[in-house]
Amino acid sequence: MIEELEQTAAGATARLADVEDLDGLAALDAEYLGKKSALTQAKKQLGELAPEDRKAAGQAVNEIRGRIEAAIAEARARLTSAARAEQLEAERLDLTETRDEIRRGSLHLVTQARDRLEDVFVGMGYTIAEGPEVESAWYNFEALNIPEWHPARGSFDTIFVNLGEPEQVMLRSHTSPVQIRTMENQEPPIYIVAPGRTFRTDTADATHLPAFNQIEGLVVDRGITLGDLAGTIDEFVRAFFGGEVKTRLRPSYFPFTEPSAEFDISRPDGSWLELGGCGMVHPNVLRNCGIDPDEWQGFAFGFGIDRLAVMRYQLDDIRELVNNDVRFLRQF
Ligand code: FA5
């Protein structure tokens with residue numbers, strides 16, 4: 001009997017070493033230690049043995065039972081810790097996944113373009129200037145060499161504000177008034193850029209918005225030439241777009257610069273997009289701000305920031321920028 005039990009115990013320990021889950025373990029526990037198990041049956045049969053054999057057989061049965069119990073305890077410890085590890089893995093929270101799902105917002109394309117423009121010019125030694133969005137005719141026109149009778153006033157499609165004398169207060173139609181405000185308050189040398197919102201009666205289409213953004217640049221120093229202007233624009237385009245965009249200057253006319261040029265950049269399809277105007281600051285404008293044009297020269301430029309964003313992000317239509325379609329904006 002003891003020999004049979006020894007064999008049973010050897011089988012039990014082998015199977016217990018291989019058992020893979022707690023259900024399997026419970027089944028083995030019942031099989032080897034339960035009421036119908038060989039051990040329990042053997043214990044019952046001990047009474048039938050001769051008294052002199054009973055003790056040794058009893059000890060042997062208990063010893064075998066102890067061994068099986070120890071093997072079961074060991075298997076239980078192993079399986080419980082594996083089950084715990086599995087549970088931990090299943091309940092693990094991936095915090096990076098959660099952060100993704102929260103979806104943090106991002107800066108609007110035009111803000112990104114403006115920030116980048118500021119970085120490029122600050123890197124070239126410029127400071128940032130600002131001016132009000134509601135302007136007087138003096139800053140928006142007259143000080144910029146556009147008197148009331150001047151036909152160029154019409155080209156700015158100005159939105160007037162119903163305040164004071166007729167057509168004397170307006171939403172600024174360009175950022176050029178910041179040139180005047182800067183020169184009034186600051187002695188040359190001056191190196192500033194002034195980004196900001198501008199407004200015109202323009203109807204929205206693929207390249208126009210009634211409220212758009214410009215960035216004005218103004219340099220006033222000794223011995224400034226058209227070459228400095230061309231070099232600055234070149235440098236800025238390279239820094240903003242990388243090498244692949246072509247640029248051209250076209251002769252143009254602005255009352256506040258002489259000579260004046262318009263500045264275009266190449267689209268991927270080979271066509272040109274007008275980005276801004278520029279030129280050498282007109283001596284009258286310097287005089288209007290109390291700066292002697294014989295001593296100081298300057299250049300100025302004004303680019304459309306929304307158009308820069310259109311080019312940079314390869315959009316088909318400038319109106320995408322203001323449609324507020326989150327599915328569109330989320331891509332950038
Ligand atoms: C001006 O506004 C001049 N103040 C620029 C300037 C500054 C010239 C300094 C010389 C010296 P213009 O009207 O061309 O120029 O506008 C400049 C740029 O603003 C345009 O080339 C274009 O990029 C952008 N722009 C003009 N109107 C709109 C509009 N409705 N929507 C979007 N962008 C516009």
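This note walks through a few features of the structure above, point by point.

1. **Ground rules.** This is a predicted model, in which local features need pLDDT of at least 70 and side-chain atom pairs count only at pLDDT 80 or more, while totals for chains, interfaces and linings use all residues. Residues are numbered from 1 along each chain as its sequence is written, and side-chain values use heavy atoms, with hydrogens and water left out.

2. Two packed helices are described by the angle between their axes and the distance between the axes. Helices (H or I, at least four residues) and strands (E, at least two) are DSSP runs, numbered from the N terminus. Axes are lines fitted to C-alpha atoms, for helices over the stretch in contact, and angles run from 0 to 180 degrees between N-to-C directions. Start with helix H1 (residues 2–18) and helix H4 (residues 51–90): their axes cross at roughly 5° and come within 9 Å. H1 and H4 are therefore roughly parallel (angles under 35 degrees count as roughly parallel, over 145 as roughly antiparallel, 65 to 115 as roughly perpendicular and the rest as oblique).

3. **What H1 and H4 bring together.** Contact means heavy atoms within 4.5 Å. Among the residues that meet are Ile2, Leu5 and Leu16 from H1 and Ile64, Ile68 and Ile72 from H4. By class, this contact of H1 with H4 has 14 nonpolar, 1 polar and 4 charged residues (Ala, Val, Leu, Ile, Met, Phe, Trp, Tyr, Cys and Pro count as nonpolar, Asp, Glu, Lys and Arg as charged, and the others, Gly among them, as polar).

4. **H1 beside H2.** H1 also packs with helix H2 (residues 22–33), at an angle of about 175° and with the axes 11 Å apart. H1 and H2 are therefore roughly antiparallel. Thr8, Gly11, Ala12, Arg15 and Leu16 of H1 touch Leu25, Leu28, Glu31 and Tyr32 of H2. That contact divides into 5 nonpolar, 2 polar and 2 charged residues.

5. **H6 and H9.** Further along, helix H6 (residues 109–123) packs with helix H9 (residues 226–241) at about 130°, their axes 10 Å apart. This pair is therefore oblique. The residues in contact include Leu117 and Phe121 of H6, together with Phe236 and Phe240 of H9. Sorted by class, the contact of H6 with H9 holds 7 nonpolar, 1 polar and 1 charged residues.

6. **Around the ligand.** Have a look at the ligand next: 27 residues surround it, and the closest are Arg200, Asp202, Leu209, Glu274 and Leu275 (a residue is near if one of its heavy atoms lies within 4 Å). The side chain of Arg200 has an N or O atom 2.8 Å from a ligand oxygen atom, and the side chain of Asp202 has one 2.7 Å from a ligand nitrogen atom. Gly304 uses a backbone N or O atom, 3.3 Å from an oxygen atom of the ligand.

7. **Backbone details.** Most residues other than glycine have a negative phi, and most peptide bonds are trans. Pro188 and Pro189 are joined by a cis peptide bond, with omega about 0°; Pro189 sits in the loop between helix H8 (177–185) and strand S5 (190–199). The bond from Glu258 to Pro259 is cis too, with omega near -5°, and Pro259 belongs to strand S8 (residues 257–266). Asn145 has a positive phi, near 70°.

Key:
A polar contact is a pair of N or O atoms within 3.5 Å; within protein, one must be able to donate a hydrogen and the other to accept it, and residues adjacent in sequence count only if both atoms are side-chain atoms.
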